[in-house]
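Subject: Structure handover

Hello,

Here is the structure I promised to pass on. Please open it and keep it beside you while you read.

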Amino acid sequence: MEKTIYTTEYTTFLEALRRSREHAGLTQIEFAARLKVTQSFVSKCERGERRLDIVELRHWCKALGITLVQFLSTYDDMCNN
């Protein structure tokens with residue numbers, strides 16, 4: 001099994017992270033302030049340099065005003081298209 005960071009599904013996951021932030025109308029700086037992290041942290045996550053665990057992803061979603069289930073549904077739809 002290849003490392004997931006090299007799969008199209010992981011690339012799609014990163015795209016879903018970025019799109020969800022943009023859909024909320026937030027810049028990386030604004031979003032970072034909501035998460036109480038730096039803008040570079042958000043950037044690194046969206047570029048795949050820093051991986052999010054499930055707990056961090058849940059916080060990410062809460063800061064966007066969506067549920068983890070909503071995010072995963074969107075991600076799954078993106079993977080299937």
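Does Arg21 count as buried or exposed? Arg21 counts as buried, because its relative accessibility is 6% and the cut-off for buried is under 20%. Keep in mind that this is a predicted model.

**Arg21 and its partner**

Arg21 forms a salt bridge with Glu46. The closest N and O atoms are 2.6 Å apart. This pair links distant parts of the chain. Arg21 sits in helix α1, Glu46 in helix α3, and 25 residues separate them. Glu46 counts as buried too, at 10% relative accessibility.

**Other salt bridges**

The count comes to six salt bridges. One of them joins the side chains of Glu15 and Arg19, at 2.9 Å from N to O. Both residues lie in helix α1. They are four residues apart, which is about one turn of the helix. Glu15 is partly exposed, with a relative accessible area of 25%. Arg19 is also partly exposed, at 45%.

Another salt bridge brings together the side chains of Arg47 and Glu49, at 2.5 Å from N to O. Glu49 is exposed, because its relative accessible area is 52% and the cut-off for exposed is over 50%. Some salt bridges share partners. Through them, Glu15, Arg18, Arg19 and Glu22 form one network.

**Where two helices pack**

Now find helix α2, residues 28-35, and helix α3, residues 39-47. They pack at an angle of about 105 degrees. Their axes are 8 Å apart. The angle makes α2 roughly perpendicular to α3.

Which residues meet there? From α2 come Gln28, Ile29, Phe31, Ala32 and Leu35. From α3 come Gln39, Val42, Ser43 and Glu46. By class, this contact has five nonpolar, three polar and one charged residues.

Last, look at Thr4. This residue lies in the segment before α1, which covers 8-23. Thr4 is partly exposed, with a relative accessible area of 38%. What does Thr4 contact, leaving aside its neighbours within four places in sequence? Thr4 is in contact with Tyr10 and Arg51. The side chains of Thr4 and Arg51 are joined by a polar contact of 2.9 Å. Asn81 is 77 residues from Thr4 along the chain. The C-alpha atoms of Thr4 and Asn81 are separated by 19 Å.

Best wishes

How values were computed: Residues are numbered from 1 along each chain as its sequence is written. This is a predicted model: local features need pLDDT of at least 70, side-chain atom pairs count only at pLDDT 80 or more; totals for chains, interfaces and linings use all residues. Side-chain values use heavy atoms; hydrogens and water are left out. Axes are lines fitted to C-alpha atoms, for helices over the stretch in contact, and angles run from 0 to 180 degrees between N-to-C directions. Angles under 35 degrees count as roughly parallel, over 145 as roughly antiparallel, 65 to 115 as roughly perpendicular and the rest as oblique. Contact means heavy atoms within 4.5 Å. Ala, Val, Leu, Ile, Met, Phe, Trp, Tyr, Cys and Pro count as nonpolar, Asp, Glu, Lys and Arg as charged, and the others, Gly among them, as polar. Buried means under 20% relative accessible area, exposed over 50%, partly exposed in between (1.4 Å probe, protein chains only). A polar contact is a pair of N or O atoms within 3.5 Å; within protein, one must be able to donate a hydrogen and the other to accept it, and residues adjacent in sequence count only if both atoms are side-chain atoms. A salt bridge is a side-chain nitrogen of Lys or Arg within 4 Å of a carboxyl oxygen of Asp or Glu.
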